[in-house]
Amino acid sequence: MKSKLRRTGTEKYSAASLLAESVGNAIGLSGTPVYNQGGEIFNIMEILSRGCLSDWGSFTREWCYGYGEMVVTDPEQLGEHLRREGLMLRRTKDQVLTELPLKRRIIQEIDADEKAFTREMKTVFNLIERYDTIADNFEKGRAKREIAEKARQATGIAKAPYVAAFVRMLLEAGEAVVLYGYHHSVYEIWMEELKTFNPVKVTGTETNAQKEYAKEQFIKGNTNLIIISLRAAAGIDGLQNRANINVFGELDWSPGIHSQCEDRTHRMGQKDSVLSYYLVCGQGSDEQMMEALGFKTAQFAGIMGEKTESEEDKAIAQVEIGKHLDKVIEKLKKHG
(Lines give C-alpha, C1' and ligand atoms only; values in the text may rest on other atoms or scores of the structure.)
Protein backbone atom coordinates (compact mmCIF):
# COMPACT_ATOMS: atom_id res chain seq x y z
CA MET A 1 0.00 0.00 0.00
CA LYS A 2 1.57 3.25 -1.09
CA SER A 3 1.74 6.29 1.15
CA LYS A 4 0.01 8.35 -1.56
CA LEU A 5 -3.27 6.68 -0.55
CA ARG A 6 -3.28 8.47 2.77
CA ARG A 7 -4.47 11.63 1.01
CA THR A 8 -7.26 12.16 -1.50
CA GLY A 9 -7.09 14.23 -4.66
CA THR A 10 -4.17 12.48 -6.37
CA GLU A 11 -4.29 10.40 -9.57
CA LYS A 12 -2.95 7.40 -7.65
CA TYR A 13 -5.73 7.70 -5.11
CA SER A 14 -8.40 7.93 -7.83
CA ALA A 15 -6.94 4.97 -9.72
CA ALA A 16 -6.75 2.84 -6.57
CA SER A 17 -10.34 3.75 -5.68
CA LEU A 18 -11.64 2.76 -9.12
CA LEU A 19 -9.65 -0.48 -9.07
CA ALA A 20 -10.98 -1.43 -5.61
CA GLU A 21 -14.57 -0.80 -6.73
CA SER A 22 -14.15 -3.03 -9.78
CA VAL A 23 -13.09 -6.16 -7.86
CA GLY A 24 -14.93 -8.39 -5.43
CA ASN A 25 -12.51 -8.08 -2.54
CA ALA A 26 -9.79 -5.55 -1.75
CA ILE A 27 -7.07 -5.97 0.88
CA GLY A 28 -4.58 -3.31 1.92
CA LEU A 29 -1.16 -4.40 3.19
CA SER A 30 1.00 -1.94 5.07
CA GLY A 31 2.99 -1.71 8.26
CA THR A 32 2.64 2.08 8.34
CA PRO A 33 -0.77 3.23 7.03
CA VAL A 34 -0.61 6.24 9.38
CA TYR A 35 2.42 8.50 9.01
CA ASN A 36 1.32 11.68 10.75
CA GLN A 37 -2.24 12.40 11.90
CA GLY A 38 -4.67 9.63 12.74
CA GLY A 39 -7.34 10.86 10.33
CA GLU A 40 -5.25 9.49 7.45
CA ILE A 41 -6.71 6.06 8.21
CA PHE A 42 -10.12 7.24 6.92
CA ASN A 43 -8.81 7.72 3.38
CA ILE A 44 -7.19 4.28 3.39
CA MET A 45 -10.36 2.57 4.62
CA GLU A 46 -12.53 4.51 2.17
CA ILE A 47 -10.72 2.83 -0.73
CA LEU A 48 -10.91 -0.66 0.76
CA SER A 49 -14.52 -0.51 1.96
CA ARG A 50 -16.36 2.68 1.08
CA GLY A 51 -18.49 4.00 3.93
CA CYS A 52 -17.14 1.60 6.57
CA LEU A 53 -16.25 4.59 8.75
CA SER A 54 -19.31 6.58 7.63
CA ASP A 55 -18.66 9.83 5.74
CA TRP A 56 -15.78 12.22 6.38
CA GLY A 57 -17.87 14.69 8.34
CA SER A 58 -19.34 12.05 10.63
CA PHE A 59 -15.94 10.40 11.11
CA THR A 60 -14.23 13.63 12.12
CA ARG A 61 -17.05 14.63 14.47
CA GLU A 62 -16.94 11.24 16.21
CA TRP A 63 -13.23 10.48 16.26
CA CYS A 64 -11.36 13.78 15.80
CA TYR A 65 -11.20 17.15 17.51
CA GLY A 66 -13.90 18.61 15.29
CA TYR A 67 -15.46 18.68 11.83
CA GLY A 68 -12.80 18.34 9.15
CA GLU A 69 -9.97 17.88 11.66
CA MET A 70 -7.29 15.23 11.03
CA VAL A 71 -6.12 14.72 14.61
CA VAL A 72 -7.77 11.74 16.37
CA THR A 73 -8.71 12.39 20.00
CA ASP A 74 -8.35 8.78 21.18
CA PRO A 75 -6.09 6.76 18.83
CA GLU A 76 -6.23 3.63 21.02
CA GLN A 77 -10.02 3.56 20.95
CA LEU A 78 -10.12 4.05 17.17
CA GLY A 79 -7.60 1.23 16.73
CA GLU A 80 -9.72 -1.06 18.91
CA HIS A 81 -12.81 -0.15 16.86
CA LEU A 82 -11.07 -0.99 13.59
CA ARG A 83 -9.95 -4.38 14.89
CA ARG A 84 -13.26 -5.17 16.59
CA GLU A 85 -15.20 -4.46 13.37
CA GLY A 86 -12.82 -6.62 11.34
CA LEU A 87 -11.59 -3.63 9.36
CA MET A 88 -7.97 -4.04 10.41
CA LEU A 89 -6.00 -7.18 11.16
CA ARG A 90 -2.94 -6.30 13.18
CA ARG A 91 -0.24 -8.64 14.42
CA THR A 92 2.73 -7.00 16.06
CA LYS A 93 6.33 -8.11 15.75
CA ASP A 94 6.16 -9.38 19.32
CA GLN A 95 3.42 -11.79 18.25
CA VAL A 96 4.92 -12.88 14.93
CA LEU A 97 8.67 -12.74 15.49
CA THR A 98 9.23 -13.95 19.03
CA GLU A 99 12.91 -14.53 18.29
CA LEU A 100 13.55 -11.01 16.96
CA PRO A 101 16.10 -9.08 19.07
CA LEU A 102 15.18 -5.83 20.78
CA LYS A 103 15.18 -2.46 19.06
CA ARG A 104 16.69 0.51 20.89
CA ARG A 105 16.73 4.17 19.93
CA ILE A 106 18.61 7.09 21.40
CA ILE A 107 18.68 10.84 20.75
CA GLN A 108 22.31 11.94 20.57
CA GLU A 109 23.13 15.65 20.64
CA ILE A 110 25.89 16.82 18.32
CA ASP A 111 27.42 20.15 17.33
CA ALA A 112 26.67 22.21 14.24
CA ASP A 113 28.70 24.55 12.03
CA GLU A 114 27.38 27.96 13.08
CA LYS A 115 28.90 29.76 10.08
CA ALA A 116 27.34 27.28 7.66
CA PHE A 117 24.00 27.59 9.42
CA THR A 118 24.08 31.39 9.27
CA ARG A 119 25.00 31.28 5.58
CA GLU A 120 22.18 28.86 4.72
CA MET A 121 19.66 30.76 6.82
CA LYS A 122 20.07 33.97 4.75
CA THR A 123 17.64 32.46 2.24
CA VAL A 124 15.20 31.70 5.05
CA PHE A 125 15.32 35.26 6.38
CA ASN A 126 14.67 36.61 2.88
CA LEU A 127 11.65 34.31 2.61
CA ILE A 128 10.38 35.48 5.99
CA GLU A 129 10.54 39.11 4.86
CA ARG A 130 8.54 38.22 1.74
CA TYR A 131 6.10 36.13 3.80
CA ASP A 132 4.99 39.18 5.80
CA THR A 133 3.97 40.97 2.59
CA ILE A 134 1.85 38.14 1.11
CA ALA A 135 -1.91 38.71 1.26
CA ASP A 136 -3.19 35.60 -0.54
CA ASN A 137 -3.75 32.75 1.95
CA PHE A 138 -2.76 30.03 -0.54
CA GLU A 139 0.51 31.77 -1.41
CA LYS A 140 1.12 32.47 2.27
CA GLY A 141 0.71 28.78 3.09
CA ARG A 142 3.10 27.79 0.33
CA ALA A 143 5.67 30.32 1.51
CA LYS A 144 5.38 29.00 5.07
CA ARG A 145 6.11 25.44 3.88
CA GLU A 146 9.09 26.71 1.90
CA ILE A 147 10.46 28.50 4.97
CA ALA A 148 10.15 25.33 7.04
CA GLU A 149 11.85 23.25 4.33
CA LYS A 150 14.75 25.68 3.89
CA ALA A 151 15.28 25.85 7.66
CA ARG A 152 15.32 22.06 7.76
CA GLN A 153 17.92 21.98 4.97
CA ALA A 154 20.04 24.59 6.73
CA THR A 155 19.97 22.43 9.86
CA GLY A 156 21.03 19.35 7.91
CA ILE A 157 23.92 21.13 6.21
CA ALA A 158 25.14 22.73 9.45
CA LYS A 159 25.36 19.45 11.34
CA ALA A 160 26.46 17.28 8.36
CA PRO A 161 30.22 17.36 9.19
CA TYR A 162 29.48 16.34 12.79
CA VAL A 163 27.15 13.56 11.65
CA ALA A 164 29.98 12.36 9.42
CA ALA A 165 32.40 12.47 12.38
CA PHE A 166 30.05 10.35 14.48
CA VAL A 167 29.62 7.81 11.67
CA ARG A 168 33.38 7.77 11.05
CA MET A 169 33.90 6.75 14.69
CA LEU A 170 31.56 3.78 14.19
CA LEU A 171 33.14 2.79 10.88
CA GLU A 172 36.68 2.94 12.26
CA ALA A 173 35.53 0.55 14.98
CA GLY A 174 34.46 -1.91 12.28
CA GLU A 175 30.70 -1.33 12.46
CA ALA A 176 28.45 -1.54 9.40
CA VAL A 177 26.19 1.54 9.33
CA VAL A 178 22.94 2.50 7.60
CA LEU A 179 22.89 6.32 7.47
CA TYR A 180 19.58 8.09 6.78
CA GLY A 181 19.11 11.63 5.47
CA TYR A 182 16.83 13.75 3.34
CA HIS A 183 18.63 16.48 1.37
CA HIS A 184 20.97 15.86 -1.57
CA SER A 185 23.20 18.74 -0.44
CA VAL A 186 23.66 16.87 2.85
CA TYR A 187 24.42 13.57 1.08
CA GLU A 188 27.17 15.33 -0.87
CA ILE A 189 28.86 16.46 2.35
CA TRP A 190 28.62 12.96 3.85
CA MET A 191 29.97 11.33 0.68
CA GLU A 192 32.96 13.69 0.64
CA GLU A 193 33.69 13.48 4.38
CA LEU A 194 33.45 9.67 4.37
CA LYS A 195 34.83 8.88 0.90
CA THR A 196 37.70 6.79 2.30
CA PHE A 197 35.09 4.23 3.40
CA ASN A 198 33.72 3.83 -0.16
CA PRO A 199 30.09 4.63 0.74
CA VAL A 200 27.17 3.73 -1.51
CA LYS A 201 23.81 5.47 -1.58
CA VAL A 202 20.13 5.02 -2.38
CA THR A 203 18.64 8.51 -2.47
CA GLY A 204 15.68 8.23 -4.83
CA THR A 205 17.46 9.49 -7.94
CA GLU A 206 19.13 6.20 -8.89
CA THR A 207 17.83 3.73 -11.44
CA ASN A 208 16.58 0.38 -10.18
CA ALA A 209 19.83 -1.19 -11.34
CA GLN A 210 21.93 1.40 -9.47
CA LYS A 211 19.80 1.01 -6.35
CA GLU A 212 20.20 -2.77 -6.44
CA TYR A 213 23.96 -2.48 -7.04
CA ALA A 214 24.40 -0.16 -4.04
CA LYS A 215 22.41 -2.49 -1.81
CA GLU A 216 24.36 -5.56 -2.93
CA GLN A 217 27.72 -3.81 -2.37
CA PHE A 218 26.71 -3.16 1.22
CA ILE A 219 25.20 -6.59 1.88
CA LYS A 220 28.22 -8.39 0.41
CA GLY A 221 30.58 -6.43 2.68
CA ASN A 222 32.33 -4.42 -0.03
CA THR A 223 31.50 -1.32 2.00
CA ASN A 224 30.45 -0.74 5.60
CA LEU A 225 28.36 2.35 4.82
CA ILE A 226 25.15 2.81 2.88
CA ILE A 227 23.42 6.19 2.77
CA ILE A 228 19.66 5.98 2.24
CA SER A 229 17.01 8.65 1.82
CA LEU A 230 14.38 8.62 4.54
CA ARG A 231 11.78 8.50 1.77
CA ALA A 232 13.48 5.80 -0.32
CA ALA A 233 13.85 3.06 2.30
CA ALA A 234 10.59 1.21 1.57
CA GLY A 235 11.13 -2.11 -0.18
CA ILE A 236 14.85 -2.41 0.61
CA ASP A 237 15.41 -5.86 2.12
CA GLY A 238 18.50 -7.76 3.18
CA LEU A 239 20.13 -5.06 5.31
CA GLN A 240 19.22 -7.02 8.45
CA ASN A 241 21.74 -9.66 7.42
CA ARG A 242 24.56 -7.10 7.37
CA ALA A 243 23.94 -4.37 9.95
CA ASN A 244 22.25 -3.55 13.22
CA ILE A 245 23.25 0.13 13.45
CA ASN A 246 21.00 2.89 12.06
CA VAL A 247 22.07 6.53 12.17
CA PHE A 248 19.53 9.25 11.43
CA GLY A 249 21.55 12.26 10.32
CA GLU A 250 18.36 14.15 9.47
CA LEU A 251 14.82 13.87 10.77
CA ASP A 252 11.50 13.39 9.00
CA TRP A 253 8.22 14.97 10.07
CA SER A 254 6.53 11.55 10.07
CA PRO A 255 7.16 8.95 12.80
CA GLY A 256 5.97 6.25 10.40
CA ILE A 257 8.93 7.03 8.14
CA HIS A 258 11.39 6.56 11.00
CA SER A 259 9.73 3.28 11.98
CA GLN A 260 9.86 2.09 8.38
CA CYS A 261 13.57 2.94 8.16
CA GLU A 262 14.40 1.21 11.44
CA ASP A 263 12.62 -1.89 10.18
CA ARG A 264 15.06 -2.25 7.27
CA THR A 265 17.40 -3.79 9.86
CA HIS A 266 14.89 -4.85 12.54
CA ARG A 267 13.28 -7.79 10.77
CA MET A 268 13.51 -11.54 10.27
CA GLY A 269 17.16 -12.52 9.92
CA GLN A 270 18.52 -9.98 12.40
CA LYS A 271 20.67 -11.61 15.07
CA ASP A 272 21.63 -8.59 17.22
CA SER A 273 19.81 -5.79 19.00
CA VAL A 274 19.13 -2.93 16.60
CA LEU A 275 20.52 0.43 17.72
CA SER A 276 19.16 3.62 16.13
CA TYR A 277 20.99 6.87 16.78
CA TYR A 278 19.05 10.08 16.15
CA LEU A 279 21.63 12.85 15.82
CA VAL A 280 20.20 16.26 16.65
CA CYS A 281 21.62 19.72 17.29
CA GLY A 282 20.49 22.88 19.06
CA GLN A 283 20.53 24.91 15.84
CA GLY A 284 17.59 25.12 13.46
CA SER A 285 14.56 22.87 13.16
CA ASP A 286 15.52 19.73 15.10
CA GLU A 287 13.92 20.77 18.39
CA GLN A 288 10.57 21.63 16.78
CA MET A 289 10.59 18.41 14.76
CA MET A 290 11.23 16.29 17.85
CA GLU A 291 8.31 17.94 19.64
CA ALA A 292 6.01 17.28 16.69
CA LEU A 293 7.23 13.70 16.35
CA GLY A 294 6.38 12.97 19.98
CA PHE A 295 2.76 13.87 19.31
CA LYS A 296 2.59 12.08 15.96
CA THR A 297 4.11 8.92 17.39
CA ALA A 298 1.20 8.73 19.84
CA GLN A 299 -1.29 8.92 16.94
CA PHE A 300 0.52 6.19 14.98
CA ALA A 301 1.12 3.85 17.92
CA GLY A 302 -2.39 4.21 19.33
CA ILE A 303 -4.23 3.30 16.14
CA MET A 304 -1.84 0.48 15.26
CA GLY A 305 -2.14 -1.04 18.73
CA GLU A 306 1.46 -0.44 19.70
CA LYS A 307 2.78 1.10 22.88
CA THR A 308 4.66 4.37 22.82
CA GLU A 309 8.16 4.47 24.27
CA SER A 310 7.99 4.89 28.05
CA GLU A 311 10.50 6.73 30.21
CA GLU A 312 11.73 3.34 31.42
CA ASP A 313 12.23 2.20 27.80
CA LYS A 314 14.24 5.36 27.12
CA ALA A 315 16.38 4.79 30.22
CA ILE A 316 17.12 1.18 29.22
CA ALA A 317 17.99 2.32 25.71
CA GLN A 318 20.43 4.87 27.15
CA VAL A 319 22.19 2.13 29.09
CA GLU A 320 22.34 -0.29 26.14
CA ILE A 321 23.61 2.28 23.71
CA GLY A 322 26.08 3.52 26.31
CA LYS A 323 27.49 -0.02 26.42
CA HIS A 324 27.72 -0.06 22.63
CA LEU A 325 29.66 3.21 22.53
CA ASP A 326 32.00 1.88 25.24
CA LYS A 327 32.78 -1.10 22.99
CA VAL A 328 33.32 1.23 20.02
CA ILE A 329 35.77 3.34 22.02
CA GLU A 330 37.67 0.26 23.20
CA LYS A 331 38.02 -0.96 19.60
CA LEU A 332 39.32 2.41 18.54
CA LYS A 333 41.90 2.42 21.35
CA LYS A 334 43.21 -0.95 20.20
CA HIS A 335 43.59 0.27 16.62
CA GLY A 336 44.84 3.73 17.60
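This briefing describes salt bridges in a predicted model. Local features are taken where pLDDT is at least 70 and side-chain atom pairs count only at pLDDT 80 or more, while totals for chains, interfaces and linings use all residues. Residues are numbered from 1 along each chain as its sequence is written, and side-chain values use heavy atoms, with hydrogens and water left out. With a salt bridge taken as a side-chain nitrogen of Lys or Arg within 4 Å of a carboxyl oxygen of Asp or Glu, the count is 17.

- Arg 50 and Glu 21 form a salt bridge through their side chains, at 2.9 Å from N to O.
- This pair joins distant parts of the chain, 29 residues apart, with Arg 50 in the loop between α2 (40-48) and α3 (56-63) and Glu 21 in helix α1 (residues 11-21); helices here are DSSP runs of H or I with at least four residues, numbered from the N terminus.
- Both Arg 50 and Glu 21 are exposed, where exposed means over 50% relative accessible area, buried under 20% and partly exposed in between (1.4 Å probe, protein chains only).

**Pairs within helix α7**

- The closest N and O atoms of Arg 142 and Glu 139 are 2.7 Å apart in their salt bridge, and because these residues are three apart in helix α7 (residues 137-172), about one helical turn separates them.
- Arg 142 is partly exposed at 43% relative accessibility, as is Glu 139 at 28%.
- Glu 149 and Arg 152 also form a salt bridge, with closest N and O atoms 3.7 Å apart, and Glu 149 is partly exposed at 28%, whereas Arg 152 is buried at 6%.

**A network**

- Salt bridges link Lys 103, Arg 105, Glu 262 and Asp 263 in a network.

Note on methods: Helices (H or I, at least four residues) and strands (E, at least two) are DSSP runs, numbered from the N terminus.
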